[in-house]
Amino acid sequence: MNISIKYLLFGIMVLVFSCKKAEKNVEPIIINTILNPELENEFRKKDLKTLYPKLITPQNFDSERDTVLAKKIKTFQDKLINGLKSEKINWNVAESQISFFTRIYFDSIGRIEYFAFKINNDEVKLDAVEEFKSLLEKNISDVNLGIERKTKYNHCVNFTLPVEE
């Protein structure tokens, strides 16, 4: 075989194998100890601080420099919370609000990979938690924070939802 054809074939192979395939949008994984303790345990074993450093901390936040970042975070949080408020869940609790603690793990372009949540109310029953998880699945699959970084990152979004009767 002619040497130039060998180089041409080699070049084509290098090109084919080096082209980065576009990642398809993968559904976020929702983590909650009540719904799936095994999944949460496996997730917690990962080195999350290294894999997903915090997006912002009081030490690295500069209000002048990060104004756009703060606006994107606020828009994301508002969209998420408004989507969750739009549907009624039968919480069946005495309180007028339900508090949520979350940590959201993003890929480097702002897509949600993992959404870990805890409901801060021991009276909430399993069926309400499952209903909330379904609501989350509908509201987070195509939400993007829109912040690009060199690495993956995490961000907390803690909020309350009203209890509707």
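**The lining of the largest pocket**

Sorted by class, the residues that line the largest pocket are nine nonpolar, three polar and five charged; here Ala, Val, Leu, Ile, Met, Phe, Trp, Tyr, Cys and Pro count as nonpolar, Asp, Glu, Lys and Arg as charged, and the others, Gly among them, as polar. The model is predicted, and local features need a pLDDT of at least 70, while side-chain atom pairs count only at pLDDT 80 or more and totals for chains, interfaces and linings use all residues. Residues are numbered from 1 along each chain as its sequence is written, and side-chain values use heavy atoms, with hydrogens and water left out.

The volume of this pocket is about 250 Å³, where a volume is the space filled by probe spheres set on grid points that are joined across faces, edges and corners. On a 1 Å grid over the protein atoms alone, a pocket is an open set of points with protein on both sides within 12 Å along at least five of seven lines, a cavity is a set where a 1.4 Å probe fits but cannot get out, and lining residues have an atom within 4 Å of a point. There are 17 lining residues in the largest pocket, and Asn32, Thr33, Phe117, Lys118 and Ile119 lie nearest its centre. Helix H2 (37-45), strand S2 (97-106) and strand S3 (112-119) each contribute at least two residues to the lining, and S3 gives the most, with four; helices (H or I, at least four residues) and strands (E, at least two) are DSSP runs, numbered from the N terminus.

Rings of Phe, Tyr and Trp (its six-membered ring) pair if their centres lie within 6.5 Å, with planes under 30 degrees apart counted as stacked, over 60 as edge-to-face and the rest as tilted. The whole structure holds twelve aromatic pairs. In one of them, the ring centres of tyrosine 52 and tyrosine 105 are 5.1 Å apart and the planes stand at 75°, so this pair is edge-to-face. Tyrosine 52 belongs to the loop between helix H3 (48-51) and H4, and tyrosine 105 to strand S2, so the pair ties together parts that are 53 residues apart in sequence. Both tyrosine 52 and tyrosine 105 are buried, a term for residues under 20% relative accessible area, with exposed meaning over 50% and partly exposed in between (1.4 Å probe, protein chains only).

Phenylalanine 117 pairs with phenylalanine 132: their ring centres are 5.1 Å apart and their planes at 70°, so this pair is edge-to-face. Phenylalanine 117 is in strand S3 and phenylalanine 132 in helix H5 (residues 126-140), so parts 15 residues apart in sequence are tied together. With 5% relative accessibility, phenylalanine 117 counts as buried, and phenylalanine 132, at 0%, counts as buried. Trp91, Phe100, Phe117, Phe132 and Phe159 make up one aromatic cluster.

Helix H2, which also contributes to the pocket lining, is where phenylalanine 43 is found. Phenylalanine 43 has a relative accessible area of 2% and is therefore buried. Apart from neighbours within four places in sequence, phenylalanine 43 is in contact (heavy atoms within 4.5 Å) with Ile31, Leu48, Tyr105 and Tyr114. From phenylalanine 43 to tyrosine 114 the C-alpha distance is 9.4 Å, although 71 residues separate the two in sequence.

Asparagine 158 sits in the loop between strand S4 (153-156) and S5 and is partly exposed, with a relative accessible area of 47%. Its C-alpha atom is 7.5 Å from that of serine 99, a residue 59 places away along the chain.

Finally, on the confidence of the model, the mean pLDDT of the protein chain is 84, and 84% of its residues reach 70 or more, pLDDT being the predictor's confidence in each residue, from 0 to 100. Across residues 13-23 the pLDDT is below 50, and this stretch has one contact in the model beyond near neighbours in sequence.
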